[in-house]
Amino acid sequence: MHPVPRHNISKTRRERGSGVFNTLRAMAISYQLKPGERVSEIELAQQLGVSRTPVREALTRLVNDGFLTPTTRGFMRRPLEVQETLDLYEARVAIESSCLAMAIERATDDEIAEAQAFLAKSRKVPRTTPIEQLVELDEGFHLRIADMARNVELKRILVNLNERIRFIRWIDMESAGRDFTQREHAEILQALKARDRKASDKALRAHIGLRRDQIVEAIRQGLAKIYLAQDAA
């Protein structure tokens, strides 16, 4: 029997670790790891059928990404808090506003036309489409603007912010309705195409900013959804 090459073992470990991280990140985003709940490294390892090492490494990365907080006995899912959510939305406004300003200067006409085609296609998606997919389309629109900005670091930050507020966006889109969102996207693109920085920034801020009372209500609905799902299970 020939020994397994060392680089193959390392590759397998990396792939397993990446799979564990992606699974736990998805659980954190959707609040399958409940707000304020202590995260058991042992239970997660058993649930995923892996050793504790990749679970521990994944949980440490999720602390760095803002999903978990360390405790004396391990890790805890960060609670759904009004001020933190407000801070995340303010950060999103700041990042996307910067991306849009750069896109006005750097985007090609072809890129803007592609974004318009994407928006037209997404408008045809049925209303019955799961809310997770609708939010994914919404994120896709905004990430196109980030791509037009040609700033890798701003896009990286935006991706992280999107993941940390995605659960609230699921709740908010259920309440706000998608038609309204699509009209606002069209206004942003129209101003971008006209290279009108003031109009585009005004449209963007009106579109993505949430007031404190809206965040409070979204969190209330989100907590109800989390624990109603638990009771049903």
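Reply: Rolling a probe the size of a water molecule over the atoms shows where empty space is left. In this predicted model, the largest cavity has a volume of about 140 Å³. A cavity is a set of points, on a 1 Å grid over the protein atoms alone, where a 1.4 Å probe fits but cannot get out; lining residues have an atom within 4 Å of a point. Points are joined across faces, edges and corners, and a volume is the space filled by probe spheres set on them.

Me: Which residues lie nearest the centre of the largest cavity?

Reply: Of its 15 lining residues, Tyr31, Pro79, Glu84, Leu88 and Arg164 do. Helix 7 gives the most to this lining, with four residues; helix 4 (82-106) and helix 7 (152-176) each supply at least two. Helices here are DSSP runs (H or I, at least four residues), numbered from the N terminus.

Me: How do the residues of this lining divide into nonpolar, polar and charged?

Reply: Eight are nonpolar, two polar and five charged. Ala, Val, Leu, Ile, Met, Phe, Trp, Tyr, Cys and Pro count as nonpolar, Asp, Glu, Lys and Arg as charged, and the others, Gly among them, as polar.

Me: How many cavities of 30 Å³ or more does a search of the whole structure find?

Reply: The search finds two. The second largest cavity has a volume of about 60 Å³, and its lining residues include Phe118, Asp138 and His185. Its lining divides into five nonpolar, four polar and two charged residues.

Me: What conventions apply?

Reply: Residues are numbered from 1 along each chain as its sequence is written. As the model is predicted, totals for linings use all residues.

Key: Predicted model: local features only at pLDDT ≥ 70, side-chain atom pairs only at ≥ 80, totals over all residues. Heavy atoms only, no water. 1 Å grid on protein atoms, 1.4 Å probe; cavity = no way out; pocket = protein on both sides within 12 Å on 5 of 7 lines; lining within 4 Å.
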